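Subject: Model handover and what I found in it

Hi,

Here is the structure you asked for. Please open it alongside this note.

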Amino acid sequence: EEAQCDFAGMLQEMGWLEASGGPRFPESGVGLDLGGRSGQLLGFTSRSEKGLQDFCSFPIGCLKLKRQFVSGDGASPTDAELQSVKAFTVGQMETLSTVRSIDPASPPAFFAMGGTVKAVVRLFDTLRLPTSRPDSPGRTILRAEDLERGIRYFRSEEGRALIQKQEPGRKETLVTGLAVLSAICGRLYAPELTVLQTGVREGYVQGAIARGLEAA
C-alpha cells in the first residue's frame, strides 16, 4: 500500500510539472522513498498506464543503518562502515526483478523522495553543487559523483559544522543516507537521480479523495 501511495504521489508531481511547461519525464524508471527505518524501492514500466512492475520495502532506512553499521554519533563514519552500509543496501536490492534485469548500457531513470534527499538538496545548494541540468530546467538533479563528494565533505569538521548549523536533525544520519543513495545509483548504473517533493502522504491523500468521490 505504501509503494502504491509513493507511486501515485510521483505520478502526480510529474504530471503537474509537465502540464506547467516544466521538464519531461520518462515513462519508466525506479523510485525510492528513503525514510529513517526503511526504504521503499519500486520499478515502474508505464506512467501513462500506471504500470507498477514490482516493489518492496527494505530495511535500509538512514537511522536503522546508522545504528546497525556506524559507531559513535554517526556524523563521521569510517570507510569500512560506509562500505558495509553500501554492501547491505545493494544486497537487499537484488530481490527486485527490476534491479536484476538492468542493462548497464541503458540504466533506468532514478527518482528519490523523502526528508533525507530534500536535506541533501538544501545543503548542496548552500555549497553551490549542481542540483539541476541546463537541458532540464525546473528538475532537481543529484549527480552520483556529487553524492560521493558530499560523503567526503560532510565527514570533515567543516562539513559536520554545516550540517549542525543548517540541518541539525540530520547530524547522525545524513552521511549514511548519502551512502545509501550512492549505493543505489551505483547498482542501477544511474549517473544521477531526480529529487521529487511529493511521496507517500500526497499519494495517500490523492487515493482518499478518489475513494470519497466514488462513494459520493
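**Ground rules**

This is a predicted model, so local features need pLDDT of at least 70 and side-chain atom pairs count only at pLDDT 80 or more, while totals for chains, interfaces and linings use all residues. Residues are numbered from 1 along each chain as its sequence is written, and side-chain values use heavy atoms, with hydrogens and water left out.

**Confidence**

pLDDT is the predictor's confidence in each residue, from 0 to 100. The protein chain has a mean pLDDT of 91. Of its residues, 92% reach 70 or more. Helices (H or I, at least four residues) and strands (E, at least two) are DSSP runs, numbered from the N terminus. Among these elements, helix H8 (residues 174–188) has the highest mean pLDDT, at 98. Helix H9 (residues 200–215) has the lowest, at 63. Where pLDDT is low, the predicted coordinates should not be read in detail.

**H2 against H8**

Two packed helices are described by the angle between their axes and the distance between the axes. Axes here are lines fitted to C-alpha atoms, for helices over the stretch in contact, and angles run from 0 to 180 degrees between N-to-C directions. The axes of H2 and H8 come within 9 Å and cross at roughly 105°. H2 is therefore roughly perpendicular to H8. (Under 35 degrees counts as roughly parallel, over 145 as roughly antiparallel, 65 to 115 as roughly perpendicular and the rest as oblique.) On the H2 side, the contact (heavy atoms within 4.5 Å) is made by Cys62, Leu65 and Lys66. On the H8 side, Thr176, Gly177 and Val180 make it.

Ile60 sits in the loop between strand E3 (51–58) and H2. Ile60 is buried, because its relative accessible area is 0%. (Buried means under 20%, exposed over 50% and partly exposed in between, with a 1.4 Å probe and protein chains only.) What does Ile60 touch, not counting residues up to four places away in sequence? Its partners include Leu65, Phe88, Val180 and Ile184. Leu32, Leu34 and Arg37 are also among them.

Glu172 lies in the loop between helix H7 (157–166) and H8. With a relative accessible area of 32%, Glu172 is partly exposed. Its C-alpha is 7.8 Å from that of Leu63, 109 residues away along the chain. Leaving aside neighbours within four places in sequence, Glu172 contacts Leu63, Lys66, Asp73, Gly74 and Ala75.

**Arg187**

Arg187 is in helix H8. Arg187 counts as buried because its relative accessibility is 17%. Its side chain makes a polar contact of 2.5 Å with the side chain of Glu94. (A polar contact is a pair of N or O atoms within 3.5 Å; within protein, one must be able to donate a hydrogen and the other to accept it, and residues adjacent in sequence count only if both atoms are side-chain atoms.) A polar atom of the Arg187 side chain also lies 3.4 Å from the backbone oxygen of Val99. Beyond four places in sequence, Arg187 is in contact with Val90, Met93, Glu94, Val99, Arg100 and Ile102.

**Aromatic pairs**

Rings of Phe, Tyr and Trp (its six-membered ring) pair if their centres lie within 6.5 Å; planes under 30 degrees apart count as stacked, over 60 as edge-to-face and the rest as tilted. By this rule there are six aromatic pairs. One is Phe7 with Phe44, tilted, at 5.4 Å centre to centre and 40° between the planes. Phe7 is in helix H1 (residues 2–19) and Phe44 in strand E2 (residues 39–46), 37 residues apart. Both are buried. Another tilted pair is Phe69 with Phe88, at 5.5 Å and 55°. This one links helix H2 (residues 62–69) to helix H3 (residues 79–93). Phe69 is partly exposed at 23% relative accessibility, and Phe88 is partly exposed at 21%. Phe7, Phe25, Phe44 and Phe111 form one aromatic cluster.

**Positive phi**

Arg128 is not a glycine, yet has a positive phi of about 60°. It lies in the loop between helix H5 (115–127) and strand E5 (141–143). Arg128 is exposed, at 73% relative accessibility. Tyr189 also has a positive phi, near 60°. Tyr189 is in the loop between H8 and strand E6 (192–195), and is partly exposed at 40%.

Best wishes
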